[in-house]
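Here is a short briefing to read with the model open beside you.

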Amino acid sequence: NLKRNKKWTNYRISLPNRQAKECLVLYRHVPIIIAKHEFPGDLILFNISEFDIILGTDWLTIYGENIDYKDLKVTLKDAESQEDVFMGKDLGRSII
């Protein structure tokens with residue numbers, strides 16, 4: 001339930017195109033599901049149409065990420081330290 005985990009905040013996000021976005025809502029402990037695997041994290045809501053979600057380096061570090069750009073492969077470790085490998089083509093669209 002997102003409403004239960006909703007917190008008001010005042011973040012300012014700088015984008016690569018030098019635009020800044022005001023972010024007023026933070027959702028704590030949200031289950032992020034990737035190919036039936038759950039990786040909880042905090043999500044900051046901001047209006048950008050190009051992406052569904054942007055996973056920051058802090059989130060990626062928690063799950064022991066390894067990103068192989070050449071082979072379009074992402075490796076994450078779940079809560080039990082089980083290694084999960086995701087390929088862009090496995091999800092039906094790019095994950096990188």
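This is a predicted model: local features need pLDDT of at least 70, side-chain atom pairs count only at pLDDT 80 or more; totals for chains, interfaces and linings use all residues.

Residues are numbered from 1 along each chain as its sequence is written, and side-chain values use heavy atoms, with hydrogens and water left out.

**Salt bridges**

- You will find two salt bridges here (a side-chain nitrogen of Lys or Arg within 4 Å of a carboxyl oxygen of Asp or Glu).
- One joins arginine 12 to glutamate 22, with the closest N and O atoms 2.2 Å apart.
- That pair connects strand E1 (residues 6-14) with strand E2 (residues 20-34), and its partners are ten residues apart; helices (H or I, at least four residues) and strands (E, at least two) are DSSP runs, numbered from the N terminus.
- Arginine 12 is exposed at 57% relative accessible area, while glutamate 22 is partly exposed at 44% (buried is under 20%, exposed over 50%, partly exposed in between, with a 1.4 Å probe and protein chains only).
- Aspartate 42 and arginine 28 form a salt bridge at 3.4 Å, N to O.
- Here strand E3 (residues 37-45) is linked to strand E2, across 14 residues.

**Nonpolar core**

- The largest nonpolar core has nine residues, including Ile32, Trp59 and Phe86 (buried Ala, Val, Leu, Ile, Met, Phe, Trp, Tyr and Cys residues joined through side-chain atoms within 4.5 Å).
- E2, helix H1 (57-62) and strand E5 (73-77) each give two or more residues to this core.
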